[in-house]
Amino acid sequence: MLWTIAAFVAGALLNVDRIPLWATAVLIACAAWQLSVAAHKLPALPKPAQLILTFVLVTCVVATFHTLNGLPAGTVLLVVMGSIKLLETRGRRDRYIVIGAALFLLLAACLDRQALARLPLYLGDALLCCTALLVSAYGGAGLEIRVAAKLAARSLLLALPLALVFFLFFPRLPGGFWALPANDDAITGLGESMSPGSISQLTASYDPAFRVRFAGAIPPPQERYWRGPVLHDFDGYTWRRGVVEAYRQPALRYLGEPFRYSVTLVPDANRWWFTLDTVVGSPDKHVFFSYDYDLIAREPVTQLTTYDALSYTHTESSEPLSNFARKIESALPPNRNPRTRELAARLRERAAADPDFVRAVIDFFRTGGFQYSLTPPMLDLDSVDDFLFHTREGFCGHYASAFVALMRAGGVPARVVTGYQGGEWNPIGGYFLIRQSDAHAWAEIWIEGRGWRRVDPTAIVAPERLSRGILDILPNAVSGRTRLLYTTPLLVHLLQGWDALNTAWNERIVKFDVNMQLGILERLGVRSADWTALVAALASGLIGWLAWIAWHIGRSAGPRPADRLARAYARLCRKLARAGIARDAHEGPLDYAARIVRRRPDLAPRAQPLLARYAHLRYGPVGGEVAAAATAAFERMVLRLHVARRPRSTPLRRSKSL
Amino acid sequence: MKRFLRARIASWARRRQGADVLPVTMHYRRIYILPTRAGWGFAFLLFCMFVAGLNYSNSTALFLTFWLAGFVLVGLHRCHRNLLGIALQGATAVPTFAGGAGELELTLENPAPLMRLRIEADLPGVAPSVTDIAPRCAARLSLALPTTVRGRLLIDGLRLTTALPFGLFRAWTWVYLPLELIVYPRARGFLPLPTVAGVTPGAKTRGGSGGDEWLGLRAFRDGDSPHQVAWKAYARGAPLLVKEYCAAAAPERYFDFERLPNLDTERRLEQLAAWIVDAENRGERYALTLPGGKLALDRGAQHRHRCLSALALHGLAPARRAAAIAR
């Protein structure tokens, strides 16, 4: 009983942060009550009370979730009903039902989260459930718990090869027959708007945003811009993606060599698929390739998502920008940020053409005494004016916002691009880890005849920001714990190793799909692997395992001679028995040999010396290493012995030949 | 229905296997195995887990499902192996008086270096008996067989089963040994022991063990009455010894079926059985005469058994093939 309760409670505890507190309280109360019943300290709860409790608790679940369907409500329902079942558990059948519920809770935990760090917990719970199964089947005292746990663990171990074969080769159907869960595990990443200060919240977070693995060449650090939402609409304080109508983007000419890579997104409840600037097209038909070179998925990213992409870091466009697009990308709210407009007008007057104006603005940023800071003063509603002429202290968002505003005021089409910049190279896993703290904003301006050009005003003010992490520049921007973790070399190494392990787990195991299955088959030498090859691999694996397990388990059931010599002797006797003259149970080796000489003289020359040798080894004065060597020699001789089934001239043989 | 099915399957297996001879070793060809109800339930559970894992395309859940499925198959083999190789070394039916419970004693030997868990012996309509057998050890199982009438009880449909280790499968084997239980007539009667000459029932002759002459001690043999065992000596550490008395001075009794004319056959047999038990307990020598034959003066457990068996089988066909313990 104790084990059944333990298995169920452990299964529920795996989900403890997903179930409401009252359900946990019910679980603990029921488990404690049943333990007391088992110890004869409390009476069992009467049937009517159980029924009322069931009704009340199911009502509570419905009240909490407004449904009994889906993973969260289902898990809580399972916990609650299982707890009540605990109360009425008497016989073996009840115990099996509770253990079944415990296994379902383990499944729910697996469905909910598949992090590598939780794996040991899942393993432990599986072992606990299997042990509880054994203890329940045994029923009653007398079974040592150590023996039971060992037996269960060994059984699980023996089952492991089959699990691996099935995992590798069972054809993965595309899932989702029913509604998939919304995972609220997601952390908030980049949003669809940017106001002064919004990015600095992200910057303090060291959570991973996505990981990138390059196939082939890796772009230089100054090209590692990961494009996200492009913001077009400015109200004087906040930049938004806006409800702008899409305009036809001028055709791009790609320059240089492309970069091929795959990105694994950490779920963040946003719809952006980040790519290296500028991506060529959409890797997935459910993902929209927008007119401003963004990838936007239909559904928010709630699970680990991996995609392959192809990007060029240099592009060019010789087409002119349409008037409609020019209008949108030059719009500024009227009556806002007057001093900015004034400054732009002044600089514009002095400049001959657009590039000169851009250079003048860049010079203004370089020489204007601006400071990079993650904790700038608050800005008033005319944020650009306030920033450019008053505070002069800010981070990427402030600079991008002010730069684009100045560009637009000077008549140059410009827009704000948000995303991530840089990334930490993980030498163990061979990939880049991009953290939320790498969030960044920069500007894009339109230069006639050349197309959209990236300008990063932050890089002008604080060039070191691009090459080094936030920790090096502004150590106080992150929490003390993060600082400690990421500045101790050994810890950094360990953390990188752990991250690489997790990434491998996520890429190889969690995201395991039919393509990877076929890839394995191809690596095993199957050419043009398809479903039939998968099924064949599965079937051969299954048959092989079954044969192995039958042999492995079955062989321990028979009487097994204790030592090598006895085993070799038994083998010798088996061989002779197959030849038609079996040793009688009471017969010693010498008597047996004598009988063989009498009855089967054809076998005698080979059998007799062996039997005599056995008698000598077993009963004669041999000891120590000599005995071991002699036994080994005896074993070899027995192995090499070949005996004919029948003597040459038996009646059977003759009748056959007739 | 279930019982009918079981009987049909048992008889099919009997035709397939043929009769057994002791010792019976449980080899592959005679062990049958099927999932238990819990096993079917577990299969359903695995199916649900599998569908959920596929639906969510969840690798961890699928792996868990496959692993547990493998675990179930390992359980299947382990359950089969739990029975495999066990040898039934002895099977003895210990007689009883009608209305009492006879005993079927089974000796199981485990020649393998592994622990056998929860090996059950069962017969239709009889409470099963369970034991564990340690590695390279033997264990004894005893089944209580309820009886109602005297005679010969054929023990049919003996099964050795196990559901361990995980209770998801049940492996069993049928044992077809020519086993029969002798059921003595009920030992009851109102008549006192006949006198020494066997003439005057009710005469005042008292033998009793107190009057016996002490002869000595001898080693215990199977079939000796527990009453004669020298328990005190055994408690002091001596081997199991039996006290022997010289019956020379004890009276001799002659029990005769024909001399109880006022009773019907069954009553007579019961009366005779009561006398035999009584005389044996007193340590007296007795002889029995039945219409079919005669047993000469003697005493001791063997003699008692012979006499009581003769009573039990009186008037019955030599080897009537009775049904299983039908009740």
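The largest nonpolar core in this predicted model has 146 residues, and those with the most contacts inside it are A:Ala102, A:Leu105, A:Leu106, A:Leu107, A:Cys129, A:Leu134 and B:Leu64. A nonpolar core here is a set of buried Ala, Val, Leu, Ile, Met, Phe, Trp, Tyr and Cys residues joined through C-beta atoms within 7 Å. Buried means that 20 or more other C-beta atoms lie within 10 Å of a residue's own, with C-beta atoms placed from the backbone. Helix H3 (residues 59-83) of chain B gives this core its largest share, 15 residues. There's also a second, separate core of 71 residues, including A:Leu231 and A:Ala402.

A quick word on the ground rules. Residues are numbered from 1 along each chain as its sequence is written, and chains are lettered from A in the order in which they are written. Since the model is predicted, local features need pLDDT of at least 70 and side-chain atom pairs count only at pLDDT 80 or more, while totals for chains, interfaces and linings use all residues.

Now for where the chains meet. On chain A, 44 residues are in contact with 40 residues of chain B; contact means C-beta atoms, placed from the backbone, within 7 Å. H7(A) supplies the largest share of chain A's side, 10 residues. A:Leu134 touches B:Pro165 and B:Phe166, among others.

Here's how chain A's side splits by class:

| Class | Residues on the side of chain A that touches chain B |
|---|---|
| Nonpolar | 33 residues |
| Polar | 10 residues |
| Charged | 1 residue |

Ala, Val, Leu, Ile, Met, Phe, Trp, Tyr, Cys and Pro count as nonpolar, Asp, Glu, Lys and Arg as charged, and the others, Gly among them, as polar.

Chain A also has an open sheet of 5 strands in the order S12-S7-S2-S18-S17, with antiparallel pairing. Strands (E, at least two residues) and helices (H or I, at least four) are DSSP runs, numbered from the N terminus, and two strands pair if DSSP finds at least two bridges between them. S12 (305-311) and S17 (424-426) are the edge strands, each pairing on one side only. S7 (residues 259-265) and S12(A) pair over 7 bridges, and A:Ser262 has A:Asp308 as its bridge partner.

Over in chain B, helix H5 (residues 265-282) and helix H6 (residues 301-312) pack at an angle of about 175°, their axes 10 Å apart. Axes are lines fitted to C-alpha atoms, for helices over the stretch in contact, and angles run from 0 to 180 degrees between N-to-C directions. H5(B) and H6(B) are therefore roughly antiparallel, the term for angles over 145 degrees.

Key. Two residues are in contact if their C-beta atoms, placed from the backbone, lie within 7 Å. Angles under 35 degrees count as roughly parallel, over 145 as roughly antiparallel, 65 to 115 as roughly perpendicular and the rest as oblique. A residue is buried if 20 or more other C-beta atoms lie within 10 Å of its own, exposed if 12 or fewer, and partly exposed in between; C-beta atoms are placed from the backbone. Lists of a residue's contacts leave out its neighbours within four places in sequence.
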